[in-house]
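The entries follow the order in which I looked things up.

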Amino acid sequence: MTQILILGGGPAGGAVALGMKALGYDVTLVTEARPFDAVEGISDRVIQGLRHAGFHEALTCLPQPSARSAHWNGETNSANTESLIERKKLDAGILQDLEAAGVHVIRQRVRQVQGLVALNDESTASVQVMQDNGDTLSADFVVEARGRAAPQADFARSRGPQTLSLLQYWQSGSGAESVSERRSMAISLPDGWAWMAMLEDGRRYLQLTLDVSAAELPAKQQLAEYCQQRFLAISEAEAFTQNAKPVGVPHGRISTPVLVEECIGRNWIRVGDAAMAVDPLSGNGIFQALSSALQAPAVINTLIRQPADAELAARFYRDRVEGLFYRFARIGRDFYQLEERWQDAPFWQNRCQWPDAEAMHKTVRFDQLSVGMMPVVADGLIAEQEVVITPDQPLGIWHLAGIPLAPVVNKAKQLANRQAFDIWFTDQQNCQSVGIQNPTQLNAIRGWLRSVGFGGS
């Protein structure tokens with residue numbers, strides 16, 4: 001049986017492991033404990049992604065959404081909520097899900113990986129993975145899912161503005177006044193932005209995000225004092241720092257947006273942050289990691305079972321990883337542009353124009369639609385199918401409301417106007433000939449066609 005080895009046990013690595021088990025592969029996952037405690041705010045979209053990936057135990061550790069306020073461009077908005085997850089608990093739940101699914105989990109640090117081959121190399125040599133305990137694992141295929149910690153020395157990368165995040169833990173006292181209400185806050189600053197979270201037991205997490213080239217940081221020995229003074233100077237943060245003191249030393253990490261330009265080979269693939277990592281402002285870290293991880297099993301399955309389609313599978317995966325990277329980059333750019341007070345400051349200037357001036361969403365007209373062959377996920381493999389290509393969806397739309405969209409668009413172009421379309425689609429056999437089985441699907445198709453201006457609507 002083909003041996004799949006996954007390096008990294010976060011949401012991305014876990015999603016690939018469950019996906020490969022569902023396809024019938026023997027899967028081993030190697031992971032090490034997170035080196036520092038962390039709290040992250042996630043949206044309902046992330047929770048749905050975790051559920052779609054097949055996690056069950058991991059979802060039980062997720063709290064109910066709590067209040068989130070944003071102080072941006074001198075304005076305050078408290079309309080949104082987010083779930084404040086403790087990453088160590090989430091990671092532990094993921095590993096429980098994997099073991100319940102029959103994934104062999106090894107809790108060790110990976111020291112070295114050898115035997116990765118390029119896509120055009122037809123070598124059948126196995127991958128060798130050396131662990132810290134001296135043991136060596138062999139596999140037919142390896143998935144690199146160790147996030148930003150994944151080795152990148154041999155890979156070309158596209159980078160956004162150099163970004164540094166400093167995380168400082170605070171803890172309130174033990175009295176009755178230490179009881180907290182779970183909540184979070186984001187606030188823009190002249191030289192960056194800050195995110196803060198508070199848990200019921202008095203733990204507080206305060207993170208500063210700064211521009212590496214412009215930040216005037218002290219020596220390492222003074223970093224704790226520097227962070228403390230920065231947070232105390234933010235008046236809006238008083239609820240997070242009141243009756244609390246910093247604990248331990250700040251944790252610094254590079255949070256620069258990074259796209260690894262080659263994310264796939266004959267016997268390996270990079271997923272999640274190991275393939276592309278986004279700016280933390282987007283708030284989409286786990287979501288983007290899951291986005292690539294959920295597509296990876298079909299890509300891997302194609303490389304193994306249908307090697308003649310390796311280039312097709314690689315093109316599918318590269319295009320989607322790159323597309324996600326720039327999509328999230330533009331989300332961040334547009335949000336940075338909302339802060340108008342410090343546009344000339346290095347931090348803001350560097351981010352308001354990156355990665356480009358291309359609109360996040362493009363208006364689509366019916367006459368811009370085209371139908372072409374593109375790679376898609378079909379029955380656990382990557383295969384070419386007819387899709388509808390638009391300026392906003394250059395990789396194509398295969399299905400809408402559960403039916404293939406291309407035959408419907410072809411028929412709409414043939415009928416030329418909405419009246420003829422409506423008459424033709426009153427016949428049930430006509431509907432079934434293009435895959436429409438019920439009124440709900442027909443209404444969804446009509447609504448989408450109206451949205452792109454079909455028939456002058």
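This is a predicted model: local features need pLDDT of at least 70, side-chain atom pairs count only at pLDDT 80 or more; totals for chains, interfaces and linings use all residues.

Are helix 7 and helix 8 roughly parallel or roughly antiparallel to each other? Residues are numbered from 1 along each chain as its sequence is written, and side-chain values use heavy atoms, with hydrogens and water left out.

**Entry: helix 7 and helix 8.** I found helix 7 (residues 285–305) packed on helix 8 (residues 310–337) at an angle of about 175°, with the axes 9 Å apart. The two helices are therefore roughly antiparallel (angles under 35 degrees count as roughly parallel, over 145 as roughly antiparallel, 65 to 115 as roughly perpendicular and the rest as oblique). Axes are lines fitted to C-alpha atoms, for helices over the stretch in contact, and angles run from 0 to 180 degrees between N-to-C directions. Helices (H or I, at least four residues) and strands (E, at least two) are DSSP runs, numbered from the N terminus. I listed the residues in contact (heavy atoms within 4.5 Å); among them are Phe 287, Ser 291, Gln 295 and Val 299 of helix 7 and Ala 313, Tyr 317, Arg 320 and Phe 328 of helix 8. By class, this contact has eleven nonpolar, five polar and one charged residues. Here Ala, Val, Leu, Ile, Met, Phe, Trp, Tyr, Cys and Pro count as nonpolar, Asp, Glu, Lys and Arg as charged, and the others, Gly among them, as polar.

**Entry: helix 1 and helix 4.** Helix 1 (residues 11–22) and helix 4 (residues 87–100) pack at about 10°, their axes 10 Å apart. They are therefore roughly parallel to each other. Helix 1 contributes Pro 11, Gly 14, Ala 17 and Leu 18, and the helix 4 side includes Leu 90, Ile 94 and Leu 98. I recorded six nonpolar, one polar and three charged residues in this contact.

**Entry: aromatic pairs.** The structure holds 14 aromatic pairs (rings of Phe, Tyr and Trp, its six-membered ring, with centres within 6.5 Å; planes under 30 degrees apart count as stacked, over 60 as edge-to-face and the rest as tilted). The ring centres of Phe 287 and Phe 328 lie 6.3 Å apart and the planes stand at 85°, so this pair is edge-to-face. Phe 287 in helix 7 and Phe 328 in helix 8 are 41 residues apart. Phe 328 is buried at 4% relative accessibility (buried means under 20% relative accessible area, exposed over 50%, partly exposed in between, with a 1.4 Å probe and protein chains only). I also saw Phe 421 and Phe 454 paired edge-to-face, 5.6 Å centre to centre with 75° between the planes. Phe 421 is buried at 1%, and Phe 454 is likewise buried at 1%.

**Entry: backbone.** Which peptide bond did I find to be cis? The bond from Trp 354 to Pro 355 is cis, with omega near 10°. Most residues other than glycine have a negative phi, and most peptide bonds are trans. Asp 379, not a glycine, has a positive phi of about 55° and is exposed at 80% relative accessibility. Ala 416 has a positive phi of about 75° and is exposed at 54%.
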